[in-house]
Amino acid sequence: MADAVQDLDSKPVGGALDTAKDLFAGAAGGVAQVLIGQPFDIVKVRLQTTTAYNSALNAATSIYAKEGPLAFYKGTLTPLLGIGACVSIQFGAFGWARRYFENANANSPSPAAPKDLTYGQYFAAGAFAGVANSVISGPIEHVRIRLQTQPHGAARLYAGPLDCVRVLSRQGGGVLRGLYRGEAVTVWREAAAYGVWFLSFEYMMTADAVRNRVRRDEIPSYKVALYGGLAGEALWLASYPFDVVKSKMQTDGFGADMKYRTMRDCFAQTWRAEGMRGFWKGIAPTLLRAMPVSAGTFAVVEATKRALG
């Protein structure tokens, strides 16, 4: 199927200009992602990191009653700037890896080499994008989680994102051990998540193009959004246990107050204390969030690419 669509949507492999377009389109998609998803995200983080709420609805109503509607956008400045950069890197890295595999396939001496990417190559390109993204997504999400889970009002721990960066770096004994706490599990999560995310979306887009005998840029926007939304569901189902461990490690204390020494220790303690269910706490609001957020992201990215030509 991936081979068949090549004849329908054939164009030369690009270089720096195509990468620049991917980066710009990804940045636009990232802004849409944050604005749509931030209220859902704070509910997810609260459910993952505390036992104060018995359901997503209980968490949302409690946050609204005690902290007001603006609490759902706590820590938004960091992801608004940072996630725009993250999604830009995701699509830029995926586009680069995709063109790398296309060139490798085109230059292969084997007559059996595919014209277009195999689905294994799509996964590898997505995983590469996730790992590249983790360099900045790890610290950005760490700061966001700390801001989302800090006490409300006068008891708050951080004056803002920059103050949070300073405090984490000081408490952790440096940037790597403080700000980058939980980076190992972040890399695992990003590789699994974005490998599946891009693979799922490309599979559905390719299937539609072949089934309806149209080019990719002729697929209607509502279908792009639908396939993007479904890809978002697949992303979280493939990576959610890693995300739970990441959230636990990034709300943990430092020094004598540290509960989880390593990623492996956090997995083990979560399993002993909560069993399998502990790795899926907060999955309901996450999946609820994933559909509109991922749909909006891919719809905006595809629309931006089509506008850029």
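This is a predicted model: local features need pLDDT of at least 70, side-chain atom pairs count only at pLDDT 80 or more; totals for chains, interfaces and linings use all residues.
Visitor: How far apart are the end C-alpha atoms of helix α3?
Guide: Helices here are DSSP runs (H or I, at least four residues), numbered from the N terminus. The expected span is 1.5 Å times one less than the number of residues. Helix α3 has 12 residues, 56–67, so it should span 16 Å, and the distance between its end C-alpha atoms agrees: 16 Å.

Visitor: Which residues of α3 are buried?
Guide: Buried means under 20% relative accessible area, exposed means over 50%, and partly exposed is in between (1.4 Å probe, protein chains only). On the face of α3 turned away from its buried side you'll find the exposed Leu 57, Tyr 64 and Ala 65. The buried ones are Ala 59, Ser 62, Ile 63 and Glu 67.

Visitor: Within what arc do the buried residues of α3 fall, seen down the axis?
Guide: An α-helix has 3.6 residues a turn, so residues three or four places apart point the same way. The arc is taken from the directions from the helix axis to the C-beta atoms. For α3 the buried residues line one face of the helix, because they fall within an arc of 100 degrees.

Visitor: Which helix do the buried residues of α3 pack against?
Guide: Look for contacts, meaning heavy atoms within 4.5 Å. The buried residues of α3 pack against residues 16–49, which form α2.

Visitor: How many residues apart in sequence are Lys 305 and Asp 22?
Guide: Their side chains meet in a salt bridge at 3.4 Å, N to O (a side-chain nitrogen of Lys or Arg within 4 Å of a carboxyl oxygen of Asp or Glu). Lys 305 sits in helix α11 (residues 283–308) and Asp 22 in helix α2, so the pair ties together parts whose separation is 283 residues.

Visitor: What is the N to O distance between Arg 189 and Asp 243?
Guide: Arg 189 is buried at 4% relative accessible area, and Asp 243 counts as buried at 0%. Both belong to a network of salt bridges that also includes Asp 41 and Arg 144. The side chains of Arg 189 and Asp 243 meet in a salt bridge at 2.6 Å.

Visitor: Which helix gives the most to the lining of the largest cavity?
Guide: A cavity is a set of points on a 1 Å grid over the protein atoms alone where a 1.4 Å probe fits but cannot get out, and lining residues have an atom within 4 Å of a point. The largest cavity has a volume of about 320 Å³, counted as the space filled by probe spheres set on grid points joined across faces, edges and corners. Its lining has 28 residues, with Gln 33 among those nearest the centre. With six residues, the helix that gives the most is α2.

Note on methods:
Residues are numbered from 1 along each chain as its sequence is written. Side-chain values use heavy atoms; hydrogens and water are left out. Helices (H or I, at least four residues) and strands (E, at least two) are DSSP runs, numbered from the N terminus. On a 1 Å grid over the protein atoms alone, a cavity is a set of points where a 1.4 Å probe fits but cannot get out, and a pocket is an open set with protein on both sides within 12 Å along at least five of seven lines; lining residues have an atom within 4 Å of a point.
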